[in-house]
Amino acid sequence: MNRIRAFIAVLITIILQVSIFSRIEVFGVSPNLAIPVITALSIGFGSFSGGYSGLAMGLVEDILFSKVIGFRALIYFVMGFMIGNNEYRLNIKENKTGMIITAISTFAFYLVFLAVQLFIGNTKLINYLKGPIFLEIFMNIIIYYLVMKIFRKIFIFPNVRYY
């Protein structure tokens with residue numbers, strides 16, 4: 001039952017990201033709903049659910065927003081897998097852990113994205129690291145908190161994981 005709910009949550013996240021969150025801008029920065037949702041699913045269900053939900057969200061975002069298909073999908077997949085793979089060290093019931101991981105994931109996503117853009121020859125994103133990235137990190141932390149409150153009402157997170 002949780003798999004169906006997780007699939008529906010990923011589908012709703014994609015729809016909200018494409019239709020609403022991509023058009024909302026605060027000081028020129030729009031929030032990324034995918035990173036908090038991938039973090040929440042990875043912490044709650046582990047590397048399998050986190051990785052594949054990141055892959056699905058990344059592929060859809062690549063198809064809709066990017067010229068290169070697979071780049072965001074790869075980053076989101078690795079992000080979800082790495083967060084979920086450390087599940088035995090993470091406290092599922094504590095929001096601070098997920099907020100810190102969301103902040104680190106957002107910053108790491110844009111560092112990797114910037115590195116690839118610099119490799120291609122696009123230097124426009126360097127100014128993004130001087131200020132707007134911190135606003136996006138803050139917005140993603142708030143979104144993570146809200147997403148985790150909703151997920152705790154919808155999902156039953158397992159307490160014991162078998163490898």
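This briefing covers the fold, core, helix packing and selected residues of one predicted model. The chain has six helices and zero strands, and its elements follow the pattern α-α-α-α-α-α along the sequence. Of the 163 residues in the chain, 44% are buried. Among contacts between residues at least 6 apart in sequence, 71% join residues at least 24 apart.

**Nonpolar core**

- The largest nonpolar core holds 34 residues. Within this core, Leu41, Phe109, Phe151 and Phe155 have the most contacts.
- At least two core residues come from each of α1 (2–21), α2 (34–45), α4 (71–85), α5 (95–120) and α6 (132–154). The most is given by α2, with eight residues.
- Leu41 touches Ala6, Val10, Gly46, Gly50, Ser53, Phe151 and Phe155, leaving out residues up to four places away in sequence.
- Phe151 is found in helix α6. With a relative accessible area of 6%, Phe151 is buried, since the cut-off for buried is under 20%.
- Beyond its neighbours within four places in sequence, Phe151 is in contact with Ala9, Val37, Ala40, Leu41 and Phe157. The C-alpha atoms of Phe151 and Ala40 are 7.9 Å apart in space, while the two residues are 111 residues apart in sequence.

**Packing of α1 against α2**

- The axes of α1 and α2 come within 10 Å and cross at roughly 170°. The two helices are therefore roughly antiparallel to each other, as angles over 145 degrees count as such.
- On the α1 side, the contact is made by Asn2, Ala6, Val10, Thr13 and Gln17. On the α2 side, Ala34, Val37, Leu41 and Phe45 take part.
- By residue class, the contact of α1 with α2 divides into six nonpolar, three polar and no charged residues.

**Gly54 in α3**

- Gly54 is found in helix α3. Its relative accessibility is 0%, so Gly54 counts as buried.
- Leaving out residues up to four places away in sequence, Gly54 touches Ile38, Ala73, Tyr76 and Phe77.
- Gly54 and Thr39 are 15 residues apart along the chain, and their C-alpha atoms are separated by 9.1 Å.

**Asn95 in α5**

- Asn95 is found in helix α5. A relative accessible area of 17% places Asn95 among the buried residues, because the cut-off is under 20%.
- Apart from residues up to four places away in sequence, Asn95 touches Tyr144, Tyr145, Met148 and Arg152.

- Ile20 lies in helix α1. Ile20 is partly exposed, at a relative accessible area of 42%.
- The C-alpha atoms of Ile20 and Ser30 are separated by 10.0 Å, and the residues are ten residues apart along the chain.
- Phe27 has its place in the loop between α1 and α2. Its relative accessible area is 78%, and Phe27 is therefore exposed, the cut-off being over 50%.
- Phi of Phe27 is near 55°, a positive value in a residue other than glycine.

Conventions. Residues numbered from 1 in each chain as written. Predicted model: local features only at pLDDT ≥ 70, side-chain atom pairs only at ≥ 80, totals over all residues. Heavy atoms only, no water. Core = buried A, V, L, I, M, F, W, Y, C linked by side-chain atoms within 4.5 Å. Buried < 20%, exposed > 50% of the residue type's maximum accessible area, 1.4 Å probe, protein only. Helix = DSSP H or I, 4+ residues; strand = E, 2+ residues; numbered from the N terminus. Contact = heavy atoms within 4.5 Å. Axes fitted to C-alpha atoms, helices over the stretch in contact; angles between N-to-C directions. Parallel < 35°, antiparallel > 145°, perpendicular 65-115°, else oblique. Nonpolar A, V, L, I, M, F, W, Y, C, P; charged D, E, K, R; others polar.
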